[in-house]
Structure formats: C-alpha cells, structure tokens
Amino acid sequence: MSTTTTGGAPVRARVAVLGRGEVPADAPAVRADDLGLGRGDGCFETLRVVGRPGAAAHVQHLDAHLERLAASCAAMDLPAPDRGAWLALVAGLVDAVPAGAEAVLKLVVTRGVPGTGTATGVGTLSPVGPALLRARAEGVRAVTLPTGVDARVHASAPWLLGGVKCLSYAVNSAALREAARRGADDAVLVDARGLLLESPTASLVWSAGGELRTPPVEGTGVLPGTVQRAVFAAAAAEGVGAREVAGTVGDLLAADAVWLTSSVRGVAELLALDGAELHRDPALTARVRGWAGF
C-alpha cells in the first residue's frame, strides 16, 4: 500500500517487530492474545518523518519521543525500552522515505502475551493522511468537552496514568467523534473546574500578553507535548516568553491566537471554539510553525 503525501514520491507502508525485523505490512505482527490488543495495555509514540534529497530521512524530535516512550513504560511498569534496538528499527523503517515526502512513524510497546513476561515492540511506517495536511494548512474548529474530573486527582492517583501516552485511546477517539457530531474538527478538553487541559490528540497553546502559554503538565494528567516543548524552547531562545499557566475557555476567546500542536499535524490554528470565532495572527502562526520545525 502506498499514498503520495506532500508532493514527494509515494510512501510505502512498512512494519517491523523488535527481535524479528521487518515483516510484511499486510501480515499479522502480534499474536491475537497480546495484551496490547485485548486490553490496550501498552504505550506508543507517533512521529513525523520527512524525506530529504541526498540524505537519510529526518525523524522529527526522535530523542524527545524516545524519552517520553521510556517515561510511559516506567509509569506502566513495562521494561525500559532498549534505545539501541529502537534506533535500529527506526533507521530500517525510514531508510526508503522518498525526498519531499512525509510519513508517519508509530512506535508501540505492549505487555505482550500473558504468562511470557516479554514485552512486544512494533514499529509502523505509513503515509500522512490528507486530513492532517489539510488541518495543518487550513486550521481547525473545535468544541469544548468536559472530562467531568478535577484534574488535580492525577497528582495522588498515578494508576490513572495521567500524562502517559497509553494504547487505551477509546475515550480520546470518542471525544473526537463527539466533536464531529457537533460539527467540529476537534475538541478542547476541560476539567471539572473548567480549566483547560488539551485536545484528545494534541497540546493546546495560545498567545496572550506577548507570551506563549500552555496548560500545566505536573499533577494534571496532561500529556507533555514534544512539539509544544520544542516551540517553547525555541521561543525562549529568541526572547519570547513561554510558560505553563492554568487557563479557561475565556482565555482562549481573548487570546491573540490559539493553536493545537501535535507531532504529525504540526501547528494547526484553532479558528473557532464552540462556534465563536477566535483571533488569528498569521505572522505569529508562521513563526510558531518555524519553531516547531514545520
């Protein structure tokens, strides 16, 4: 299977399994009783790959993603990822990404088959879907959805796996379906106090008072975003303030600009929230995308 992405040659779907190497993309890669499949007992990372002429494909923010994968594994009592093995798997999967093309790289760790005590590691490479590219270019409209939970509960309940990129994504997917039912492209999650959290698949960033802001990660269950952190680091290096701060929907309505940042979609402008048009700053959006590497 292959699909042309951003003007480059087609990207071929590929699959590799730790300890086995590359396997046919249309063949089973894990056993049916793997706990990642039956219980969502595992974690993952999704990365953007960009093909380059005369050089190896660039895997964006690879170190940050591997660090977050290791943190997720630690939080779930999974074995620490073998960094060397994962780097070799990644290199093998992306070695044929054509120049000018974009691809999606997904790294998955599961608890494996019951009774074996051996985790399963799988990597997949696939084309970037047109919906993600369209959202990056045109922006998205969102609705607010409540989690119904005070986010502070995560500080004393690590078993809730707040801030862990786990395979149990059914709630995230349900939130996106609900957003679509309400005529929106995405959702902004808020806790029981009305404080901003994140999107089901992205970090939330807004500009106000000449600085960039994002909801706090510590003790809130918010996933630390790789792109968001890259943006904040680059902004700070250029003397632009960037900090974590508790915010509300009112803060987004009054912001100079709002974005959803994620690894493959990149920096998507949030155009409207709950039907209310938001402020936009095209020049700043271009700058934020540069900081993100898009």
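Two residues are in contact here when they have heavy atoms within 4.5 Å of each other. The model you see is a predicted one.

I start with V205. Where does V205 sit? It is found in strand β11, residues 203-208. Leaving out residues up to four places away in sequence, V205 touches L212, R213, T214, Q228, F232, A257, V258, W259 and T261. Is V205 buried or exposed? Its relative accessible area is 1%, and since buried means under 20%, V205 counts as buried. For a sense of distance, take H65: V205 and H65 are 140 residues apart in sequence, and their C-alpha atoms lie 19 Å apart in space.

T261 stands opposite V267 in strand β15. Strand β14, residues 257-262, pairs with β15 in the antiparallel sense over four bridges. The two strands form a hairpin, with three residues between them.

On to β15 itself, residues 266-273. Which other strands pair with β15? Strand β9, residues 140-146, pairs with it in the parallel sense over three bridges. In that pairing, A142 has L273 as its bridge partner. Strand β16, residues 276-277, runs antiparallel to β15 and is joined to it by two bridges. There L273 turns up again, with A276 as its bridge partner in β16. β15 and β16 also form a hairpin, this one with two residues between the strands, and D274 in the turn has a positive phi of about 55°. How many of the residues of β15 are buried? Eight of the eight are, so the strand is largely enclosed by the rest of the structure.

In soluble globular proteins, nonpolar side chains tend to be buried together. The largest nonpolar core in this model has 27 residues, and those touching the most other members are V49, V59, V94, V97, L105, L107 and L125. The elements giving two or more residues to this core are β5 (42-52), β6 (55-59), α2 (62-75), α3 (83-94) and β7 (102-110). Of these, α3 gives the largest share, five residues.

Take V49 as an example. Not counting residues up to four places away in sequence, V49 touches A57, H58, V59, V94, V97, A101, E102, A103, L105 and L125. Apart from this core lies another, of 18 residues, among them A142, V188, L252 and L278.

Notes
Residues are numbered from 1 along each chain as its sequence is written. This is a predicted model: local features need pLDDT of at least 70, side-chain atom pairs count only at pLDDT 80 or more; totals for chains, interfaces and linings use all residues. Side-chain values use heavy atoms; hydrogens and water are left out. Buried means under 20% relative accessible area, exposed over 50%, partly exposed in between (1.4 Å probe, protein chains only). Two strands pair if DSSP finds at least two bridges between them. A nonpolar core is a set of buried Ala, Val, Leu, Ile, Met, Phe, Trp, Tyr and Cys residues joined through side-chain atoms within 4.5 Å.
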